Amino acid sequence: MSKKVIIIGSGPAGYPAALRLKELGAEPAIVESWDFGGTCLNRGCIPSKAFLDTGHRVHAFEGLRELLKAGSEVNFSPDMLDWDKIKARRAEVIAKLRTSLEKLFQAKKIEVIRGRASFSGPNEMAITGPHGEIKRQFDYAILAAGTRPAFPPPFKDFAGQLTDSDRIFDLPARPKSLLIVGAGVIGLEFACFFNSIGVQVSVLEILPDLLAGEDPQVTRVVRSSFEKRGIKFHFGKKASRITVTGGRKTVELEDGTNLEADEILVGAGRAADLAGMGLETLGLPWDRKGVKVNEFMQTTTPQIYAAGDINGISLLAHSASRQGEIAAENIMGAKHTFDADIVPKCVYSWPEVGTVGLNKSQAEAKGLTVKTSRAFYAGIGKAVACDETEGFAQLVFNAADETVLGAQLVGGPATELIHVIALAVKLKLKRADLKSIIYAHPTMAEAIHEALYK
Ligand SMILES: Cc1cc2nc3c(=O)[nH]c(=O)nc-3n(C[C@H](O)[C@H](O)[C@H](O)COP(=O)(O)OP(=O)(O)OC[C@H]3O[C@@H](n4cnc5c(N)ncnc54)[C@H](O)[C@@H]3O)c2cc1C
């Protein structure tokens, strides 16, 4: 008899798990209470990249101005962009991808159950949806329920009047000014996009710098690039009070300063919300970080696995997908583990950021002596030809034997190039191995080549 597995959540953790289980001969079913494809497809990675693509087009269009014949004029300003059309384009992108995902599930004959799942026993789930309540038995379950935008105090009491990364995509009108709370990846990507379409953007961050834990060389480049474009940062400041009057929103800081904007986007992290899911019937504890798993993605309740944001290991779609597959494979008898050291961390703003493995201070914290080698795009032919000279490629080596420990790329196609280094970290390649391949000329990848000789 094939194993019956129910997966809660159709995001990038849940749907690859279902596909893998089917491939391995199990009988998977997937339950989804909202849009198929989860946060990533509907309210995260994909819509934010569709928005950022609009920003890129504006950026490219602006770049043409200097090449116009003397006397000709392009009558364009970002104010001319139609907010409803920007939203419609994002909706089209989502619909296209969601439809093909749903068709894939139909083609593979994987059951999709619409409704909200909760555990009603150690091997039983109750699903409440358009069909009323149904009960389903399972041998194993994979919890892939994701996370929600978090509202820390004092924003918590104003959640309904402020916006978050779910609702920002559907704002009825483009705000004239936007205050973003949180200078993490989500906050920065929205800052970059809204600034590019003519919104006055400021960012409030409680920490002293953006992208917490990132190499200071990287954050310096990003910060100065954003500031040059008019994005204002307020670092090391804590909000104490919120007021909302007549459409104007104000954050009072602890130092007495007021920050005002038409709209406030709270991008200060995400939290698990597993209330009402019956985890207590399984004796499974959870908190705002989600549910703890072992290296095999298995919770303390052996028949329940947890993959993706909900286990709090790495709040990224590609981590979620790998973990979903690992959970599926382990249910089918494998003993696979998740390698968090080779997860690329990317920011799709401009400049882009792509990092993997260890940076200098992380390596030193592990007691290693490191050597870093950096090459700037300003010295790379393709970068100069394309006017993309911001940023650098930095490689981190173990000083003892020149093993590649990690890389920090900022500028150029950092989110694409980072995979070369992910492979090097995974395979424990040395500087000489990376030197032994031939880098096409002219490419942005030559920054990696240059860095190897520094
Ligand atoms: C604005 C934004 C941009 C992002 N950009 C990127 C990016 O560029 N790259 C990247 O790697 N990551 C990005 N992320 C993070 C990424 O979206 C998440 O890491 C990823 O979606 C997590 O996948 P998941 O499957 O764990 O959860 P989710 O994608 O959140 O899916 C969970 C699903 O479970 C469903 N569910 C929950 N409870 C139940 C229940 N009881 N019954 C039935 N269904 C339930 C939910 O409705 C949801 O559809 C971004 C996130 C945001 C918010």
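**View 1. The shell around the ligand.** In this predicted model, 34 residues surround the ligand, and the closest are Gly 9, Gly 11, Gly 38, Gly 146 and Gly 308; a residue belongs here if its C-beta atom, placed from the backbone, lies within 6 Å of the molecule. Two or more residues each come from strand E2 (27–32), helix H2 (38–43), helix H3 (45–64), strand E4 (116–121) and helix H7 (317–331). Helices (H or I, at least four residues) and strands (E, at least two) are DSSP runs, numbered from the N terminus. By class, the shell holds 18 nonpolar, 13 polar and 3 charged residues, where Ala, Val, Leu, Ile, Met, Phe, Trp, Tyr, Cys and Pro count as nonpolar, Asp, Glu, Lys and Arg as charged, and the others, Gly among them, as polar.

Residues are numbered from 1 along each chain as its sequence is written. Local features need pLDDT of at least 70 and side-chain atom pairs pLDDT 80 or more, while totals for chains, interfaces and linings use all residues.

**View 2. Helix H4 from end to end.** Just after H4, look for Lys 109, with a positive phi of about 55 degrees.

**View 3. Where H3 meets H5.** The axes of H3 and helix H5 (residues 185–196) come within 9 Å and cross at roughly 40 degrees; axes are lines fitted to C-alpha atoms, for helices over the stretch in contact, with angles from 0 to 180 degrees between N-to-C directions. H3 is therefore oblique to H5 (angles under 35 degrees count as roughly parallel, over 145 as roughly antiparallel, 65 to 115 as roughly perpendicular and the rest as oblique).
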